[in-house]
Amino acid sequence: MAAPMDLLRANLSKVRIPEPTNRIFKSECCVSFDTPKSEGGLYVDMHTFLAFGKECVSWNFEKTGNPIYLHIKQTKKDVPEDRPLKKPTLLAIGVDGGFDNNEPEYEESYNIVILPYFAALPFPSVELPEKVRLAVDAILMADGAEKKEQLAAWTADTKRVSVYAETLQQIDTGVTIPPTGWKCAKCDKTDNLWLNLTDGMILCGRKNWDGTGGNNHAIQHYENTGYPLAVKLGTITADLEAADVFSYPEDESILDPHLAQHLAYFGIDFSSLKKTEMTTAERELDQNTNFDWNRIQENGQEVEPLFGPGYTGLVNLGNSCYLAATMQVVFSTQSFVTRYYKNQDLKTAFEVAPADPTVDLNTQITKLAHGLLSGKYSVPASEEDEVAGTPVSLKQKGIPPRMFKAVIASSHPEFSSMRQQDALEFFLHFLDQVERASAGKPEFDPSRCFKFGIEEKILCPSGKVAYNKRLDYILSLNIPLHEATNKEELDAFNKLKAERSLEGTEISADQVVRPRVPLDACLATFSAPEEVQDFYSTALKTKATAIKTAGLTSFPDYLVLHMRKFVMEAGWVPKKLDVYIDVPDIIDISHMRSKGIQPGEELLPEADAASQTESTQVSASEEIVSQLSSMGFTRLHCEKAAISTSNTGVEEAMNWLLSHMDDPDIDAPISQDTRGSMVDQSQVDTLLSFGFSEDLARRALKATKGDIEKATDWIFSNPDSNGPADMDASSSSPAISSDAVLSDGGGKYRLMGIISHMGTSTQCGHYVAHIYKDRRWVIFNDDKVGSSVNPPKDMGYLYFFERIID
């Protein structure tokens, strides 16, 4: 072997000086979860700027022929035992003032390594060629691609000045606010109190999802009066900018530049006040720094930590628990374990990957599978890595799924964000991406283990029937609260609640009684007969009320049940049902198999073009058009308004017309396509506020003729409806031509996984997975993995069942 310096000089053409636009990886291997802290350190390819662990770097040399690498090794420094824990002042990770978590300090060492000999030259060194020195300096000074993709993770937005502060009207009610001794005007709360800056009312704050906080009196006061701004008592000091001021119409904490004046109106001398309450941001920080996972899911029970293959935790990247919980369950199924772990090693995945494996879905899923299942990274954290307040024995380093998240979210703007997401939506998106990547090779598609067929039978008043088929990955179930098995206890609780309300006292948490609904009752709602209004019968040549029933054409290897715990209250406000579902360990759905067309049944005739047009066409109400025309609007505009609001009424049509007068197509003629596709933008906006995409909202409203409640139900009933807009709006996926591609078998299943959710909506709160492994239940709570003491079988959002093979 030649001298290392000679080898380096002979391969200088393979060294590049990175430009500002280059993505530089220097924190984590592209194919494994090795880092500079790993035993072998990390090797950065000085031509592509991709990083590799000790084992993987040889694979990269064999594939690319690139021989020159910057080797980065981090060694832990000795830290004094009495080192104080730095308290975070910002809801952020990896930035100044953010979470420290008492991370140990490391010192870095660098070498230039030439493969295949692993010949090393120290850096820095004046003997190195100038091109190499410039390239290394640029790599070390640049922000890594991993950090750029996580930029501003968890960082709260900077507060802005409220638009209501400048013109805030204050009412003289004769109220003077004392410096202490505050109490809610509507209950006995003496903490979490808010002073409305318009009328001086002192009221308690919002009730948190876990029952803590206030009783919602402050926000209810805003809803009744419209008075927009309130300041939290106990946060007012001489530093007025630090006071917690909230704008209800803007729904965020804001700055009030005139706060001193607004406080003086009620006799408050802010200079003499002392801080006694945490601000909203500080409380959020406190909840994150004191997160007690046992309290949330295991009722304070001692949880035995688990380590080894299949028991690897996932580091929370910032609101990524929905991803962690989902992927833990997915990689507990034999189909995904076989496809991405048993039948594909990391080297094979890397060899077939494109030039940049960080953007290759197959590579990153395989990387995640080996990270979770190999046990290589499932080891107890050392004392230096201990998070404050977390026993060392419970903590493991876990693996950060950054590259996987970046790839799987690249086609979905919401999952690319750092906001909390719906685990169900992510699960379906993930399966969709896997299925697309396996196009043309169904035998290599592990997502098929979840897929099944649904057949809907529609009985027309003529006695004739129609059958529709579609594919799905999940069975979405309504929760029939009227089927609760503890009605007597519920009646007694509601009576007690009413009595306490009259007395002005609260019910303690241990007195709360929740409905208990059997899973069988939920499954029955799927197959129960349902009326279909305005069904166009090709036999009767008119619209009529038909009866729809549904069944399954196949039973998948893994059955996923989605419990519809989120419903719409008055005003289309989403609400989470506070309900328990009694789920047995074993279920049998054999009775839900569809029987297909039966002897003696006659199919409805095919619709001709004229019938299809008539069945979808919406005509403007002449009464609405006449009244609007009498107000001076053109007839074309009036017809459009009536059609767009589904002939709901004159007021609705008028509101639509006034808000759409500037539309570029307002004067365009009404086509037949337009009649069937126009929807009220206000209804679209309502669904957008629930977190649905605009395209999905429009299709749902079109399919349900502008009924928001039915549109929401349609979206949940059609979870695959994020596909192309020209897909049949009545199906969640294209019609099935054959069930041959679907797995099938008996209808007996065993419960193997639960994804639970805590929070008021799927876009907030926390997700945790419980999985039945090695004859015991295991809890996966981000990077914490332990033997479950009390798995929440009655609190699941998603239930995963594995078919029992006789």
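How many helices and strands are there in the protein? There are 25 helices and 27 strands, where helices (H or I, at least four residues) and strands (E, at least two) are DSSP runs numbered from the N terminus. The model is predicted, so local features need pLDDT of at least 70 and side-chain atom pairs count only at pLDDT 80 or more, whereas totals for chains, interfaces and linings use all residues. Residues are numbered from 1 along each chain as its sequence is written, and side-chain values use heavy atoms, with hydrogens and water left out.

**The whole protein**

Begin with the complete structure on display. Of the 806 residues in the protein, 48% are buried; buried means under 20% relative accessible area, exposed means over 50%, and partly exposed lies in between (1.4 Å probe, protein chains only). The protein exposes about 38400 Å², and carbon and sulfur atoms supply 50% of that area. Accessible areas come from the Shrake-Rupley method with a 1.4 Å probe, and for residues only the protein chains shown count as cover. Among contacts with a separation of 6 or more, 68% are between residues 24 or more positions apart; a contact means heavy atoms within 4.5 Å.

**Stop 1: helix α2**

Select residues 54-64, which form helix α2; its buried residues are C56, V57, W59 and N60. Viewed down the axis of α2, these buried residues fall within an arc of 160°, so they line one face of the helix. The arc is that of the directions from the helix axis to the C-beta atoms. An α-helix has 3.6 residues a turn, so residues three or four places apart point the same way. On the face of α2 turned away from the buried side, find the exposed residues E55 and E62.

Just after α2, G65 takes a positive phi of about 80°.

**Stop 2: aromatic rings**

A search of the whole structure finds 21 aromatic pairs. Rings of Phe, Tyr and Trp (its six-membered ring) pair if their centres lie within 6.5 Å; planes under 30 degrees apart count as stacked, over 60 as edge-to-face and the rest as tilted. Select F336 and Y340, whose ring centres are 6.1 Å apart with planes at 25°, so the pair is stacked. Both residues lie in helix α10 (residues 334-342), four residues apart, about one turn of the helix. F336 and Y340 are both buried.

Now select F427 and F800, an edge-to-face pair with 5.6 Å from centre to centre and 85° between the planes. This pair links distant parts of the chain, for F427 is in helix α15 (residues 423-437) and F800 is in strand β27 (residues 796-803), 373 residues apart. Both F427 and F800 are buried.

R339 lies over the face of Y340, at 4.5 Å from the ring centre, and K37 lies over the face of Y106, at 4.9 Å from the ring centre. A charge sits over a ring if NZ of Lys or CZ of Arg is within 6 Å of the ring centre and within 35 degrees of the ring normal.

**Stop 3**

Select strand β18 (residues 558-563), where six of the six residues are buried. In a regular strand the side chains alternate between the two faces of the sheet. Y558, V560 and H562 point one way from β18, while L559, L561 and M563 point the other way.

Which strands pair with β18? Strand β14 (residues 475-477) runs parallel to β18 and is joined to it by three bridges, while β27 pairs with β18 in the antiparallel sense over five bridges. Two strands pair if DSSP finds at least two bridges between them. L477 stands opposite M563 in β18, and the bridge partner of H562 in β27 is L798.

**Stop 4**

Finally, select strand β25 (residues 776-781); five of its six residues are buried, so β25 is largely enclosed by the rest of the structure. Strand β24 (residues 766-773) pairs with β25 in the antiparallel sense over five bridges, and A769 has F780 as its bridge partner in β25. Two residues lie between the strands in this hairpin of β24 and β25, where D774 takes a positive phi near 50°.

Strand β26 (residues 784-787) is joined to β25 by four bridges and runs antiparallel to it. In β26, V785 is the bridge partner of F780. β25 and β26 form a hairpin with two residues between them, and D782 in the turn has a positive phi of about 55°.
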